[in-house]
Amino acid sequence: MDHESEEEKDIDPFARQAYLEAQQALADKETEKYINLLSQSANLGYVQALNDLGDLYFNGELAPKHMGKAYEYFLKASQNGSGYGSYSCGFILMKGSSDIPRDIEKGLSMFRLAVEQNYKAATRDLARYYYSLETEEDNRKALDYYLQYIEYNPKDTDTLLHIGLIYESGLGVPLNIDLARRYYERAAEQDETGMAYNFLGGTYMNDEETENNERKAVHYFQKAIELGNTNAMFRISYYLHNGKGGLQVDIPREIELLTEASKRGNHQATYRLGLLFEDNESGMAQNLELSVKYFQLAADNGILAAINKMGELYLFGEVIPANLTKAISCFTAASEQGYGKASYWLGRLHTDGIGQLEKDTQKAMNYYRKAIEQGYEEAREWMEQLQKNLVDETITDIEIPQDKSDEELYKEAKNALEKAQFKTAYAYFSYLTQRNHAESFNELGDMYFYGRGMAINQAKALELYKKAAALDSVYGFFNVGFLYWNGPEEIQDPEQALQYLKKAVQMGYTYALSFIGDIYRTGPEELIDYAEAKRYYQKGVDVNEINAIKGMALLYLLGQGVTQNNAMGAFYLKKAADKGNAWAMYHLGRLYYYGEGIPRNPKLALDYLQMAYDANYPDACSLLGLLYERGEGTAPNIELANKLYIRGHELGDDQSMWYLACNYLDGNGLPKDYKRAEKLFIQAIERGNEPARIDLARMIFHGLGTVQDPQKAYEIIKPCLEQGYGRAYMLMGEVYENGLGVEKDYKQAKELYRKALDLGYSFAQEALDRLDKFC
């Protein structure tokens with residue numbers, strides 16, 4: 001914190017003398033004497049002594065750091081008219097600590113008081129806060145405070161740059177590029193980072209594309225590069241690549257600068273390098289392997305264009321092996337963060353029904369609209385084409401060839417459906433249903449079920465499937481049974497489901513066996529019959545029906561109608577795993593990891609979890625990562641563990657999100673990043689991960705990267721307390737023991753620790769022993 005000298009008035013001579021003697025004791029390195037004399041001076045109301053004591057406890061150099069005591073002394077100084085004391089109080093309140101809860105409004109109020117008390121440095125902090133809010137009104141406030149501060153400190157580079165940025169953006173103030181440039185020029189006089197020159201170059205780069213502007217942009221970028229500015233290295237690559245701004249085309253120099261920028265952490269430059277080595281028209285030798293490495297590095301560092309690019313590479317499989325799951329994961333991640341082209345690709349995938357994404361016209365339309373809203377206009381043509389092809393059940397303007405057989409028409413309808421020619425497919429199938437063509441009823445039902453060319457309508461699908469069944473279509477019987485079992489709640493009828501599914505089985509459709517087993521195993525109470533479930537599962541096992549094998553495994557794992565037997569469960573899991581079922585691989589790996597009813601074997605756990613991971617089973621990422629993090633069954637490898645958690649996050653695994661958040665929170669193999677941790681905890685909780693609530697509450701109780709808010713933290717952790725999580729009670733004990741936003745209460749803390757211990761959380765014993773000396 002900046003410490004300005006403040007005018008002294010009506011000084012108690014004894015207070016001043018004690019302060020001078022304290023300074024001498026400090027010079028003589030007599031710390032205890034220094035603190036005692038300083039305290040005497042402070043007790044007599046000497047402002048400088050109050051502020052020095054505040055600094056002493058704030059910095060924690062000559063005495064243990066204690067924000068509560070620091071705040072107490074600064075507040076007394078503030079009450080005695082000290083602007084520095086008011087500013088320091090504001091600074092502590094804006095940050096928050098375990099002793100002083102974060103309070104933005106009160107902090108701002110103290111900053112304003114400091115300004116009134118003529119402490120000018122506070123105007124800079126007020127400006128920074130309002131600038132961070134990025135609204136028109138707040139930007140105006142920020143500019144006003146920055147202008148006040150620049151009068152006090154005319155050469156402050158950061159302030160000059162921010163004033164320039166505000167005028168250049170025109171957010172909340174009239175756009176004024178000339179004025180922005182003048183502030184950037186003033187900043188450049190003392191700027192040693194090249195940022196001011198880079199901003200100056202940017203104003204000309206973004207201006208009208210004239211030769212004069214291009215030359216000025218290059219001039220300033222070159223000055224910024226001399227000072228090591230990586231953004232300028234990235235920006236000047238445009239001029240080197242295209243031979244503009246007075247430069248000749250110089251691809252080697254472009255690559256040299258981009259490589260330097262990339263090494264220094266500018267990953268826009270990394271992405272640009274990927275494009276250059278992918279392009280065989282740049283004059284450089286094409287190097288697809290190197291281009292992929294650059295794209296992946298840029299994607300790993302959050303460059304949305306690179307994340308989308310990796311999705312395209314996985315989608316087309318021309319440079320790297322095709323992997324539709326990874327492609328969809330990349331597109332989804334980029335789309336969620338506002339990258340329009342990624343939303344467009346998701347629309348295309350839903351249009352065509354590629355990968356695990358079903359053909360879904362409505363979802364495709366939604367993604368195309370999203371892409372357009374995100375600025376990717378190329379999606380408009382696809383959206384309009386899809387709109388033209390949507391089914392209107394009231395219009396029958398499709399001419400049906402009368403010289404073709406039903407089977408020929410059926411094949412043409414199927415072909416039209418594959419090409420997303422929904423109107424044609426609908427017209428042909430509808431015509432064929434009038435001729436009692438059973439499979440056309442099924443196909444029309446699928447169009448309604450999946451929303452192909454129309455809104456999803458499962459009730460209508462059920463009606464059509466029933467008509468197919470009435471014509472003795474085995475698929476009709478199965479589809480009706482499936483919807484009565486798994487359809488929307490309003491049409492579910494498990495008894496009817498059993499009848500239709502059994503009919504499908506009688507007609508030789510063995511895929512239905514596991515569904516019958518599932519109804520008898522999990523269905524409504526009046527239908528549960530574990531013996532029948534086992535009988536149908538066994539029939540499925542006999543014909544190697546994989547879902548029936550899984551069902552048999554669950555009977556033994558859960559002890560449903562049989563003696564609970566994890567060894568038998570593992571036997572059936574292995575049968576399913578050997579047939580390539582990722583669910584079985586994961587659960588078998590889980591059994592070996594925890595040693596539940598079978599000998600614990602981390603090495604076998606690792607093998608099966610790796611197979612499940614390779615098969616893109618999301619849950620495998622977190623447990624496999626945990627094995628690498630703990631070094632069980634393999635050497636410890638926190639970097640690989642975090643990569644696995646990141647992959648699990650991409651696939652939607654809440655456990656991976658939780659583990660990854662914890663590692664960002666604690667800096668375990670990753671840089672500490674409270675914002676990322678908080679975001680990941682929230683995502684995990686939204687997906688039903690209850691333990692993540694405890695860690696998010698911990699962040700909020702401590703004010704780690706967020707506002708300290710004990711009430712909010714309690715509301716977050718409350719479900720875990722109600723469900724009897726010992727770790728949740730442990731955290732609440734720490735809250736009361738340390739006074740994290742609440743009054744310290746050792747008795748209450750002990751009760752909470754005791755509850756945690758009763759719930760099996762053994763670490764609580766140490767806390768109980770520690771508190772024995774207090775109560």
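1. His162 is buried, because its relative accessibility is 16% (buried means under 20% relative accessible area, exposed over 50%, partly exposed in between, with a 1.4 Å probe and protein chains only). His162 sits in helix α9, residues 157-169. Helices (H or I, at least four residues) and strands (E, at least two) are DSSP runs, numbered from the N terminus. The side chain of His162 reaches the backbone oxygen of Asp158 at 2.9 Å. Leaving aside residues up to four places away in sequence, His162 touches Tyr131 and Tyr146; contact means heavy atoms within 4.5 Å.

2. A word on the basis. This is a predicted model, in which local features need pLDDT of at least 70 and side-chain atom pairs count only at pLDDT 80 or more, while totals for chains, interfaces and linings use all residues. Residues are numbered from 1 along each chain as its sequence is written, and side-chain values use heavy atoms, with hydrogens and water left out.

3. The protein as a whole comes next. It has 42 helices and 0 strands. Buried residues make up 50% of its 775 residues. Its C-alpha atoms fill a box of roughly 110 × 80 × 50 Å along the principal axes. Of the contacts between residues at least 6 apart in sequence, 47% join residues at least 24 apart.

4. How many residues of helix α11 are buried? The count is 9 of the 11 in residues 195-205, so α11 is largely enclosed by the rest of the structure. The buried residues are Ala196, Tyr197, Asn198, Phe199, Leu200, Gly201, Gly202, Thr203 and Tyr204. Their cover includes α9, α10 (177-188), α12 (211-226) and α13 (230-242). Helix α9 is also where His162 is placed.

5. Helix α6 (residues 104-116) packs with helix α7 (residues 121-133) at about 145 degrees, with axes 8 Å apart. Axes are lines fitted to C-alpha atoms, for helices over the stretch in contact, and angles run from 0 to 180 degrees between N-to-C directions. The α6 and α7 crossing is left-handed (the near helix is turned anticlockwise from the far one by less than a right angle; clockwise would be right-handed). From α6, the contact uses Ile104, Leu108, Phe111, Arg112, Ala114 and Val115; from α7, Ala122, Thr123, Asp125, Leu126, Tyr129 and Tyr130. By class, this contact has 9 nonpolar, 1 polar and 2 charged residues. Ala, Val, Leu, Ile, Met, Phe, Trp, Tyr, Cys and Pro count as nonpolar, Asp, Glu, Lys and Arg as charged, and the others, Gly among them, as polar.

6. Helices α16 (residues 288-300) and α17 (residues 304-316) pack at about 130 degrees, with axes 8 Å apart. That angle makes α16 oblique to α17 (under 35 degrees is roughly parallel, over 145 roughly antiparallel, 65 to 115 roughly perpendicular and the rest oblique). The α16 crossing of α17 is left-handed. Val292, Phe295, Gln296, Ala298 and Ala299 of α16 meet Ala306, Ile307, Lys309, Met310, Leu313 and Tyr314 of α17. These residues divide into 9 nonpolar, 1 polar and 1 charged.

7. Ala327 lies in helix α18, residues 324-336. Is Ala327 buried or exposed? Ala327 counts as buried because its relative accessibility is 0%. Ala327 touches Gly311, Tyr314 and Leu315, not counting residues up to four places away in sequence. Tyr314 also belongs to the α17 side of the contact with α16.

Note on methods:
Polar contact = N/O pair within 3.5 Å; in protein donor to acceptor, adjacent residues only side chain to side chain.
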